[in-house]
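Please look over the chain shown here before reading the notes on its sheets, contacts and pocket.

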Amino acid sequence: MRKFSLPLAALAIFSTVPLSVRAEPTRATIVYDDAATQLTLAPGNASQLWVTTGDLTRATRFELKPQGVCRDQLCFPVPKARSSEFVRKDSGKALFNLLAFAQLVKQPVAHDEALSTWYFGQRADQRDGLSSLQAPDFTLPDMAGKMHSLSDFRGKKVLLVTWASW
């Protein structure tokens with residue numbers, strides 16, 4: 001019976017390689033604007049999402065241009081001082097960090113590592129915000145059936161309690 005052993009030096013090398021570094025390209029699904037796109041991620045740090053500029057356009061309809069990351073007339077400038085966080089060259093291909101872009105435009109991202117799926121929510125410019133801090137006027141019945149409007153309590157402190165089943 002032959003025994004095979006791994007030299008301690010080799011074992012030490014293998015144990016120091018972080019698991020978060022991808023040695024080769026991996027397949028992933030990007031869900032952007034509710035459209036799913038299959039693509040190949042560039043090798044590198046697994047905590048970042050480096051894609052080719054062609055895949056950037058295919059998955060998000062954004063293009064990397066000299067003025068920034070653009071879709072039609074909408075452009076987000078890439079900060080010059082931080083350009084290495086967004087763009088890098090690898091084997092002659094331009095790669096773009098989609099997670100850095102999401103952070104720049106205040107876009108929420110959810111990642112399912114087991115399914116290798118990334119979901120991108122609405123950017124800050126797409127979300128509706130409150131136009132004011134004033135609640136709209138509404139009318140509701142009390143326990144006795146008498147109708148009351150919020151405006152009836154103007155100038156007084158009011159606690160609104162809401163609930164939803166979803």
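This is a predicted model: local features need pLDDT of at least 70, side-chain atom pairs count only at pLDDT 80 or more; totals for chains, interfaces and linings use all residues.

Residues are numbered from 1 along each chain as its sequence is written, and side-chain values use heavy atoms, with hydrogens and water left out.

**Whole chain**

- The protein chain has four helices and 14 strands; these are DSSP runs numbered from the N terminus, helices being H or I with at least four residues and strands E with at least two.
- Of the 166 residues in the protein chain, 25% are buried, where buried means under 20% relative accessible area, exposed means over 50%, and partly exposed lies in between (1.4 Å probe, protein chains only).
- Among contacts in the protein chain with a separation of 6 or more, 38% are between residues 24 or more positions apart; contact means heavy atoms within 4.5 Å.

**Four-stranded sheet**

- Four strands form an open sheet with mixed pairing, in the order β3-β2-β12-β11; two strands pair if DSSP finds at least two bridges between them.
- The edges are held by β3 (35-41) and β11, each with a single partner strand, so one side of each has no neighbour in the sheet.
- Neighbouring strands of this sheet are turned by 20° against each other on average, direction ignored; axes are lines fitted to C-alpha atoms, for helices over the stretch in contact, and angles run from 0 to 180 degrees between N-to-C directions.
- Four bridges join β2 and β12 in the parallel sense, and I30 has W118 in β12 as its bridge partner.
- Helix α2 packs on this sheet, where it touches β2 and β3, and its direction makes about 165° with that of β3.

**Three-stranded sheet**

- Three strands form an open sheet in the order β5-β10-β9, and their pairing is antiparallel.
- Both β5 (50-52) and β9 (87-90) stand at the edges with a single partner strand each, so one side of each is left without a neighbour in the sheet.
- From one strand to the next, the twist averages 40°.
- Strand β10 (residues 93-97) is joined to β5 by three bridges, and the two run antiparallel; T52 stands opposite L95 in β10.
- Helix α2 (residues 53-60) also packs on this sheet, touching β5 and β10, and its direction makes about 95° with that of β5.
- Between β9 and β10, which run antiparallel, there are four bridges, and V87 stands opposite F96 in β10.
- The hairpin of β9 and β10 has two residues between the strands, and S91 takes a positive phi near 55° there.

**Contacts around T29, S116 and Q107**

The contact lists here leave out residues up to four places away in sequence.

- T29 is in strand β2 (residues 26-32) and counts as buried because its relative accessibility is 14%.
- The residues touched by T29 are A36, T37, Q38, S116, T117 and W118.
- S116 lies in the loop between β11 (109-112) and β12 (117-120), and touches R27, A28 and T29.
- Although S116 and A28 are 88 residues apart in sequence, they are 5.0 Å apart in space, C-alpha to C-alpha.
- Q107 lies in the loop between α4 (98-104) and β11 and is buried, with a relative accessible area of 7%.
- Contacts of Q107 are with Y32, A102, F120, G121, Q122 and R123.

**Largest pocket**

- The largest pocket holds about 250 Å³ of space; grid points are joined across faces, edges and corners, and a volume is the space filled by probe spheres set on the points.
- On a 1 Å grid over the protein atoms alone, a pocket is an open set of points where a 1.4 Å probe fits, with protein on both sides within 12 Å along at least five of seven lines, and lining residues have an atom within 4 Å of a point.
- The lining consists of F138, L140, P141, H148, S149, L150, F153, V158, L159, L160, V161 and T162.
- By class, nine lining residues are nonpolar, three are polar and none is charged; Ala, Val, Leu, Ile, Met, Phe, Trp, Tyr, Cys and Pro count as nonpolar, Asp, Glu, Lys and Arg as charged, and the others, Gly among them, as polar.
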